[in-house]
Every structure is written in structure tokens, then in C-alpha cells.
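Okay, thanks for coming, everyone.

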Amino acid sequence: MTERDHEKPDAGPADESPDDRSADTHPMGGRLSLTELSDDELAGAAAVGDQEAFGVLIARVSPILLRYLQRMADPVSAEDLAQETLLSVWKGLPDFDFRSSFRTWMFTIAYRRLADSLRKKRDVPTDEARFVDLESPEPLPAEVAMGTSLLEALRTELDALPPTSRSTWWLREVEGLSLAEIARVLQISTGSARGHLQRSRRYLATRLAPWRPGSTEHMSEPDSTADGASS
């Protein structure tokens with residue numbers, strides 16, 4: 001037997017242990033970038049002073065926050081309320097206990113700022129008073145529907161809803177919050193949130209009936225020939 005026969009098989013580089021090799025090929029190996037982290041993960045990092053994480057978080061949620069406030073207030077007020085909300089978020093993050101999601105907490109702060117703003121306007125009626133005015137709604141007239149897009153009509157009819165009902169509808173249908181999360185944001189019971197959502201849906205469904213598939217009120221153009229024949 002030669003000296004070569006007694007040599008041990010090459011075990012590879014001395015600094016590459018089996019654990020090292022498995023880590024290199026592990027599907028979860030490597031550090032996630034900040035943009036891949038969830039809102040709550042970014043908020044957790046920002047809460048302990050990671051300003052880069054906070055920057056990524058704010059860049060992500062700012063458009064969502066502003067979009068919500070623009071449906072609830074005039075454009076100038078919406079901008080101001082968004083800035084106030086984000087400032088409160090920054091100041092409050094170290095004490096945020098994560099008993100709700102970050103986004104639910106952010107909307108809660110935004111709604112409080114909004115409610116304070118609305119209370120300062122003496123001519124703003126209560127939700128119940130607004131819904132009394134909206135009882136037994138009729139579909140939009142055909143002549144209005146024909147000259148208006150569905151999106152434009154939806155914006156107009158949303159503005160007619162009371163603030164709490166409008167917030168409930170928006171947070172559920174656009175932002176995807178659960179009724180429990182909406183109740184936390186608006187500081188009402190889950191049953192009350194459900195009631196606001198149901199009334200809002202009924203009102204909008206009735207008012208926007210001309211755009212319902214199969215409706216002829218919105219799609220048909222006036223028949224000028226028939227008008228001329230009857231004149």
C-alpha cells in the first residue's frame with residue numbers, strides 16, 4: 001500500500017463546516033431588504049430608532065393615508081391632517097404596544113385628528129341627522145347618469161354619507177380592514193360598524209343603480225329621431 005493510499009479524502013476548505021454550507025443554500029438564508037418587511041416589522045424597527053425603516057414605512061403608507069383623508073376632508077385639510085397624523089405616529093411609535101396592526105393604529109390616529117377637525121365646524125350635522133336626510137334614496141336621474149362616469153358618481157355619493165359611515169365603507173371596501181379593526185379605528189362597537197357599513201352599501205347601491213349591469217338608464221342615449229317624430 002502506497003503512502004497515497006493512507007491519505008484522507010479531501011474534506012474541502014477548512015473554514016466550510018456542514019452548518020456553513022447548509023446556511024448558504026437555506027431558502028430563508030440572507031437578510032431581507034427593508035422593502036420586503038411588513039408594516040409591523042418596519043414599525044418595530046422604527047420604534048427602536050431605525051430611521052431608515054421609518055422612512056420606508058412612511059413612503060409606503062403615506063399615499064394610503066392621504067387617499068383616505070381626501071375622501072373625508074377638503075384637499076388642504078387632508079394634507080394638514082396627514083402631516084399631523086404622521087408626526088403623531090413618529091412620536092408614538094416607542095410606546096406602540098402592537099395590540100393592533102400598525103395600519104389600524106395609524107388610521108385610529110388619523111380619524112381622531114379628523115373628528116377633532118370636524119367638531120370645530122359648527123355646521124357639521126351628526127351622523128344620524130345626515131342619514132335622516134338620506135332616507136329612502138332614489139336612483140340618480142338618467143340624465144345625470146348619462147353625463148357622469150361611475151367613479152365620479154361614487155365620489156359624489158360618498159361625500160353625501162355621514163363621516164362615520166363614509167369611513168366605515170372606505171376602510172372596509174378600499175383598505176380591507178375587518179369590522180373589528182374598523183370599530184377600533186372609529187371607537188365604536190363592532191355591531192355599530194356593521195350597521196354603518198350596511199346602510200352605506202344600501203344607499204350607494206340605490207343611488208348608483210343606473211350603472212348596474214343590465215340597466216338601460218345610463219347606457220342608452222336619447223333617441224333624437226323619436227323626439228322629432230313626436231314633436
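So, start with helices H8, residues 150–160, and H9, residues 163–173. Their axes come within 8 Å of each other and cross at roughly 135°. The axes here are lines fitted to C-alpha atoms, for helices over the stretch in contact, with angles running from 0 to 180 degrees between N-to-C directions. That angle makes H8 oblique to H9; under 35 degrees would be roughly parallel, over 145 roughly antiparallel, 65 to 115 roughly perpendicular, and the rest is oblique.

Who makes the contact, meaning heavy atoms within 4.5 Å? On H8 it's Leu154, Leu158 and Asp159, and on H9 it's Arg166, Trp169 and Trp170. By type, the residues of that contact divide into four nonpolar, no polar and two charged. For the record, nonpolar is Ala, Val, Leu, Ile, Met, Phe, Trp, Tyr, Cys and Pro, charged is Asp, Glu, Lys and Arg, and the others, Gly among them, go down as polar.

Before I go on, the ground rules: this is a predicted model, so local features need pLDDT of at least 70, side-chain atom pairs count only at pLDDT 80 or more, and totals for chains, interfaces and linings use all residues. Residues are numbered from 1 along each chain as its sequence is written, and side-chain values use heavy atoms, with hydrogens and water left out.

Stepping back to the whole chain, there are twelve helices and zero strands. Those are DSSP runs numbered from the N terminus, helices being H or I with at least four residues and strands E with at least two. Of the 231 residues, 36% count as buried, where buried is under 20% relative accessible area, exposed is over 50%, and partly exposed is in between, with a 1.4 Å probe and protein chains only. And among contacts between residues at least 6 apart in sequence, 68% join residues at least 24 apart.

Arginine 155 is partly exposed, at 42% relative accessible area.

A search of the whole structure turns up six aromatic pairs. The rule is that rings of Phe, Tyr and Trp (its six-membered ring) pair if their centres lie within 6.5 Å, with planes under 30 degrees apart called stacked, over 60 edge-to-face, and the rest tilted. Tryptophan 169 and tryptophan 170 make a tilted pair, 6.4 Å centre to centre with 50° between the planes. Tryptophan 169 is buried at 12% relative accessible area, and tryptophan 170 is buried too, at 10%.

There's also an aromatic cluster, made up of Phe96, Phe98, Phe102 and Trp105. Keep an eye on phenylalanine 98, which sits in the loop between helix H4 (75–92) and helix H5 (102–119). What's its phi? Near 60°, a positive value in a residue other than glycine. Most residues other than glycine have a negative phi. Phenylalanine 98 is partly exposed, at 33%.

Glutamine 187 also has a phi near 60°. Its place is the loop between helix H10 (179–186) and H11, and glutamine 187 is exposed, at 55%.

Last topic, salt bridges. The count comes to eight, taking a side-chain nitrogen of Lys or Arg within 4 Å of a carboxyl oxygen of Asp or Glu. Take arginine 60 with aspartate 39, where the closest N and O atoms are 2.8 Å apart. Arginine 60 is in helix H3 (residues 51–72) and aspartate 39 in helix H2 (residues 39–47), so this pair ties together parts that are 21 residues apart in sequence. Aspartate 39 is buried at 12%, while arginine 60 is partly exposed at 26%.

Then there's arginine 201 with glutamate 173, at 2.6 Å, N to O. Arginine 201 is partly exposed at 39%, and glutamate 173 is partly exposed at 35%. Finally, salt bridges with shared partners join Asp39, Arg60 and Arg103 into one network.

Technical notes: Contact = heavy atoms within 4.5 Å.
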